[in-house]
Amino acid sequence: MSRERATALLVDFDGVLRHWDPAVAAGVEREYGLTEGVLGEIAMSWGLLQPVLTGRVSHAEWMSSVADALTPSVGDPERARAAVDQWQRYRGEVDPDVLAFVREVRAAGIRVGLGTNATDQLDADLAALGLTDELDVVVNSSVVGVHKPAKEYFQAACEALATPPARVFFVDDEDRAVAGARVAGLSAHRWSGPADLRYLRAALAY
């Protein structure tokens, strides 16, 4: 049986609409004599990451924890904090092809939501990147209190979009998130790059 046509699009942020230049972190690590990749490795360790993605701690508290964990490597708490602060000043870059696609979809009358595992820094990032008015809804895991790929996250996203799951099309660059969305009843596509846009346009049939 064929699915109903999607009337709402839910798009992941990091890895789809926003990208990070790895050279920025690498430059900070070189400047402070750190092992390559250590900033991301510490920040993304699940014990530090999970609480901030569910809103139990703030972005600032998360970064303080990263600086604490980094201190033994640099030998000084203030220097560790300086390294983390310098790293955090860079807030990524918008993918112009994906943004153009989002604008097309909205112009065709399809609601577009941002579906992201994020911290309380998200609103400031959207403003800094000029995205505040580019989306109909923002579904932030730290506000919802649960993160992708949990079924409850996608239920909250569909409620925010005022659209039943069968009518929502989700795009993410992580297999686990895509699988979770499908379990929750959404159509979902694993993003691999702008070459996917042709398929997404056909799938949405706008």
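User: Which residues in H6 and H11 meet?
Analyst: In this predicted model, Asp97, Phe101, Glu104 and Val105 of H6 meet Leu197, Leu200, Arg201 and Leu204 of H11.

User: By class, what residues does that contact have?
Analyst: The contact of H6 with H11 has 5 nonpolar and 3 charged residues, and no polar ones.

User: At what angle do the axes of H6 and H11 cross?
Analyst: At roughly 10 degrees, with the axes of H6 (residues 96-107) and H11 (residues 197-204) coming within 12 Å. Because angles under 35 degrees count as roughly parallel, H6 is roughly parallel to H11.

User: Is the crossing of H6 and H11 left-handed or right-handed?
Analyst: The crossing of H6 and H11 is right-handed.

User: Switching to H11 itself. Which residues are buried there?
Analyst: Leu197, Leu200 and Leu204 are buried in H11. They lie on the same side of H11, because the arc they cover around the axis is only 60 degrees.

User: And what is exposed on the other side of H11?
Analyst: Arg198 and Ala202 are exposed there.

Key:
Residues numbered from 1 in each chain as written. Predicted model: local features only at pLDDT ≥ 70, side-chain atom pairs only at ≥ 80, totals over all residues. Heavy atoms only, no water. Axes fitted to C-alpha atoms, helices over the stretch in contact; angles between N-to-C directions. Helix = DSSP H or I, 4+ residues; strand = E, 2+ residues; numbered from the N terminus. Parallel < 35°, antiparallel > 145°, perpendicular 65-115°, else oblique. Left-handed = near helix turned anticlockwise from the far one by under 90°. Contact = heavy atoms within 4.5 Å. Nonpolar A, V, L, I, M, F, W, Y, C, P; charged D, E, K, R; others polar. Buried < 20%, exposed > 50% of the residue type's maximum accessible area, 1.4 Å probe, protein only. Arc of directions from axis to C-beta.
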